[in-house]
Structures are given as C-alpha cells and as structure tokens.
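I opened my notebook to write down what I looked up in this structure, one entry at a time.

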Amino acid sequence: MTSPEDTPRDDIAPAALAPDEASLPFWRAKPMSAMSATEWESLCDGCGRCCLVKLEDEDTGQVAYTDVACRLLDADTCRCSDYERRSEIVSDCVRLTPEGVAELNWLPPTCAYRLVGEGKELPFWHPLVSGDAGSVAAAGITVSGKVAGSENEFGLFELVDHIVAWPVRWPRGAKGGVKAGTKGAPGTTRRRRPKADEQKA
C-alpha cells in the first residue's frame, strides 16, 4: 500500500519539479521535435561542411567527403545562394529533420544537429554559445578557403581525386563544450552514389 507521499501528483506544475529547466538553453530544454522553426534554423552554425559533395559506396554504405562544393554553396560566405529553393534546384539536396538526424551517419562530428541529437553540449565556438557568428570561422570549422571548386567544374571520376578527411575531423583546439566565461539556418547536404568500382581503391 502506498502513502499519499508516494503517489505521483499530476497537479504539480512541471516548473516545480524542475526549477532549473527554465534557465536551460532551448537545445537542452527541448527535444528537437519540439523546437520552433527559428530555433531549429539557429542550430546550423553555417560551416558549409554538409554542403560538400559526398561519395557513397553502394556496397558498404561508407561515405567519403570531397572538397568540392554543391553548386549553390557560396564558398566565401559558406551559405546557400538560394536556400529557399534549394530542393527544387538541387534534386538530391537533403533537408535535415528531427527524425532524420539520427539516421544520417555522414553528418560532420562538429554539426550541432548531430551533437544535440546525441545529447552532447554545443562547442564554445557555436554562435548560440559565443554570441558571435565569426567564432565558427575563427575556430577553423568553416569550409572557407578549403574548397577546390563547384561540382559544376568536375566530372564524377574527378571527384574521386578530391576525397578529403578534414570535414569529418575536429580542428585542433576546437573540440569541447561551453567554456567558462562564455555566454550561453536547416543544414542541407549533398550525396552522390557512384558505383563501387568508381571509388578510390
């Protein structure tokens, strides 16, 4: 037999159960599915990594990044040149959704959508933490200065010669959550599926 003290109370306000929840940033207080469109968009740090052309081995599912950009990516600003119509212009542009984040194994390890989906904290250079959009480039996260060119400039076999590892790595000194003293748009991706014999040996 349970006492009244042991019985769950439905009439207790959630704030009373978790007084600190109101002070948490939205990406920690809410599941991604409950975020507003503005909150969801603000998770994108604008690095441009997910807009690099990727090659996937159809037999193994292994994905390799290249240093070749989607034709809509402005490699200097690391922004999509036609964000609103990107899916109409680029047929295989992948729109990130709360449901899809967990299934996309090719998201960069620095990606806020991936980090939040895995229950990790945003790094100190993310604009939502630093309050400065320039901190992303300062930490060496953006693709600016690292892009070989647009996909329009390369054939499929040439893309193989542009496979690089840096998009799936953390730059030196950039890893880590919120640093002491710091204050506390949807990503788009491209995928290419060449046949296995088109992959680099």
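Predicted model: local features only at pLDDT ≥ 70, side-chain atom pairs only at ≥ 80, totals over all residues.

**Entry 1: the cores**

I searched for the largest nonpolar core and found that it has 26 residues, with Trp27, Met35, Trp40, Leu43 and Tyr113 having the most contacts inside it. I then asked which elements give two or more residues to this core, and noted α2 (26-29), β2 (63-69) and α6. Of these, α6 gives the most, with three residues. I also noted that another core lies apart from this one, and that it has seven residues, among them Cys47, Phe124, Trp125 and Ala139.

**Entry 2: the chain as a whole**

I looked up the overall make-up of the protein chain and found nine helices and eight strands. Of its 201 residues, 40% are buried. The chain exposes about 11,400 Å², and I noted that carbon and sulfur atoms supply 51% of this area.

I went to Val116, which lies in helix α6, residues 112-117. Is Val116 buried or exposed? Val116 counts as buried because its relative accessible area is 13%, and the cut-off for buried is under 20%. Setting aside residues up to four places away in sequence, I listed what Val116 touches, and the list is Trp27, Met32, Met35, Leu43 and Leu122. Leu43 is 73 residues from Val116 along the chain, yet their C-alpha atoms are separated by 9.0 Å.

I then turned to Met35 and, again leaving aside neighbours within four places in sequence, found contacts with Phe26, Trp27, Lys30, Trp40, Leu43 and Val116.

**Entry 3: aromatic pairs**

I counted three aromatic pairs in the structure. One of them joins Phe26 and Trp27 edge-to-face, with 5.3 Å from centre to centre and 85° between the planes. Both Phe26 and Trp27 are buried. Another pair, Trp40 with Tyr113, is tilted, at 4.6 Å centre to centre and 50° between the planes. This pair links distant parts of the chain, since Trp40 is in helix α3 (residues 37-42) and Tyr113 is in helix α6, 73 residues apart. Trp40 and Tyr113 are both buried as well.

**Entry 4: salt bridges**

How many salt bridges does a search of the whole structure find? The search finds six, and I wrote down some of them.

- Glu39 forms a salt bridge with Lys30, and the closest N and O atoms are 2.9 Å apart. Glu39 counts as buried because its relative accessibility is 16%, whereas Lys30, at 32%, counts as partly exposed.
- Arg85 and Asp82 meet through their side chains in a salt bridge of 2.8 Å, N to O. I noted that Arg85 is partly exposed, at a relative accessible area of 42%.
- Glu118 forms a salt bridge with Lys120, where the closest N and O atoms are 3.1 Å apart. Salt bridges that share partners join Arg114, Glu118 and Lys120 into one network. Glu118 is partly exposed at 42%, and Lys120 is partly exposed at 46%.

**Entry 5: charges over rings**

Arg86 lies over the face of Tyr83, at 3.8 Å from the ring centre. In another case the charged end of Lys146 sits over the ring of Trp166, and the distance to the centre is 5.0 Å.

Definitions and conventions
Residues numbered from 1 in each chain as written. Heavy atoms only, no water. Helix = DSSP H or I, 4+ residues; strand = E, 2+ residues; numbered from the N terminus. Buried < 20%, exposed > 50% of the residue type's maximum accessible area, 1.4 Å probe, protein only. Contact = heavy atoms within 4.5 Å. Areas by Shrake-Rupley, 256 points an atom, 1.4 Å probe, with all protein chains shown as cover. Core = buried A, V, L, I, M, F, W, Y, C linked by side-chain atoms within 4.5 Å. Salt bridge = Lys/Arg side-chain N within 4 Å of Asp/Glu carboxyl O. Phe/Tyr/Trp six-rings, centres within 6.5 Å; stacked < 30°, edge-to-face > 60°. Lys NZ or Arg CZ within 6 Å of the ring centre and 35° of its normal.
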